[in-house]
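Biologist: Let us read this structure together, feature by feature. Where should we begin?

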Amino acid sequence: MNTHIRRGGGDLSRTVLITGAGSGIGAASVAAAVRAGHRVAVADIDATAAERVAAAHGAAAIAVRLDVRDEAEWSQTLDRVEAELGPLDVLVNNAGIIHTGVATSIPLTRHRDMIDVNLLGPMTGILAGLARMKPRGRGHIIDVCSMTSFVPLVGYSSYSATKHALRAFHHSVALEERDSGVSFTIVHPPSTRTPMLEQEMADETAGIAFAGKSVAPEEIAAAVVSAIDTRPREVVFPALGGQIPRLFGAIPAIAYRAVLQTERDGLRNRERMLR
């Protein structure tokens, strides 16, 4: 199954690998990519979840177990994906984890977990993807980051730190590879209705997640799959309102006041939701 299938409008379908695709934004992105006519590798550390998602899409998707922290697994996974679906066109780095709580309440091992998965995982994927794409002079790397990459957040110290770092790494590599033929897009979801949000609901220190209206994972997935064709450099949510934290994050005095007010709003909303 390594031939390119024509889609509407004469465009070629693409081979797309999505990490963390066993649930949430990843699973929704698989569904959106298949609907768009792409061939999709459903990658997740939970092989059973990956197989369940892939099975729902028939021959258009395959399941692969992938621990994004493991360089050797990246190589093996890409070998299999390219053998079964064709050369990798699009890599979507979506896998991520969260341990909520103020920094001093979280064991150092959990801080390291988030760094390993949320930062070193996509870094390893970017390097592995570039190794395949650069010799061909084409490809597209999409990193699913977070609106927390722009501002410091109470209860999310190391989580937001990994997202700040991922954004910096992403844009730095994009500049370095500007002549390679490989495109780069980074997508910043807001609070999204996934299992991660359920985890946040159980922790009062994560109240800031409930300050605004959460979005469905399908909304983020639509932006991810649209980016395959449009190739924007960066996508924020909402498109206009998302520019505000971008600006606030550059001025700590303003960011501190805004974040503390947002936290108060989020805690009130969380209390209403629990009632």
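Modeller: Begin with E73, which counts as buried at 17% relative accessibility. Buried means under 20% relative accessible area, exposed over 50%, and partly exposed in between (1.4 Å probe, protein chains only). This is a predicted model: local features need pLDDT of at least 70, side-chain atom pairs count only at pLDDT 80 or more, and totals for chains, interfaces and linings use all residues. Residues are numbered from 1 along each chain as its sequence is written, and side-chain values use heavy atoms, with hydrogens and water left out.

Biologist: Which side chain meets E73 in a salt bridge?

Modeller: The general idea comes before the case. Side chains of opposite charge can pair when their charged atoms come close. Here a salt bridge is a side-chain nitrogen of Lys or Arg within 4 Å of a carboxyl oxygen of Asp or Glu. E73 pairs with R65, at 3.1 Å from N to O. R65 counts as partly exposed, at 42% relative accessibility.

Biologist: How many salt bridges does this rule give?

Modeller: The count comes to eleven. One of them joins R14 and D229, with the closest N and O atoms 3.1 Å apart. This pair links distant parts of the chain, 215 residues apart. R14 sits in the segment before β1 (15-18), and D229 in helix α7 (residues 217-230). R14 counts as buried at 16% relative accessibility. D229 counts as partly exposed at 43%.

Biologist: What does the salt bridge between E177 and K134 tie together?

Modeller: Its closest N and O atoms are 3.2 Å apart. E177 lies in the loop between α5 (157-176) and β6 (182-188), and K134 in the loop between α4 and β5 (139-144), so the pair ties together parts that are 43 residues apart in sequence. E177 counts as buried at 13% relative accessibility, while K134 counts as partly exposed at 40%.

Biologist: Which residues are linked in a network of salt bridges?

Modeller: D79, E82, R132 and R136.

Biologist: Now the helices. How do I judge the span of α4?

Modeller: Helices (H or I, at least four residues) and strands (E, at least two) are DSSP runs, numbered from the N terminus. The expected span of a helix is 1.5 Å times one less than its number of residues. Helix α4 (residues 108-133) has 26 residues. Its first and last C-alpha atoms are 36 Å apart, close to the expected 38 Å.

Biologist: Where does α4 bend?

Modeller: At L120, by about 35 degrees. The bend at a residue is the angle between axes fitted to the seven residues ending there and the seven starting there. A proline, P122, follows within four residues.

Biologist: How does the span of α7 compare with what it should be?

Modeller: The two agree: its 14 residues should span 20 Å, and its end C-alpha atoms are 20 Å apart.

Biologist: Which residues of α7 are buried, and what covers them?

Modeller: P217, I220, A221, A223, V224, V225, A227 and I228 are buried. Their cover includes β1, α1 (24-35), β4 (90-93), β5, β6 and β7. Take A223, buried with a relative accessible area of 19%. Contact means heavy atoms within 4.5 Å. Leaving aside neighbours within four places in sequence, A223 is in contact with V235 and F237. A223 and F237 are 14 residues apart in sequence and 9.8 Å apart in space, C-alpha to C-alpha.

Biologist: What should I check in the backbone?

Modeller: Most residues other than glycine have a negative phi, and most peptide bonds are trans. Just after α7, R231 takes a positive phi of about 55 degrees, although R231 is not a glycine. R231 lies in the loop between α7 and β7. R231 is partly exposed, with a relative accessible area of 33%.

Biologist: Is the peptide bond from F237 to P238 cis or trans?

Modeller: Cis, with omega near -15 degrees. P238 is placed in the loop between β7 (234-236) and α8 (243-248).

Biologist: What are the overall figures?

Modeller: The protein has nine helices and seven strands. Buried residues make up 52% of its 275 residues. Among contacts between residues at least 6 apart in sequence, 67% join residues at least 24 apart.
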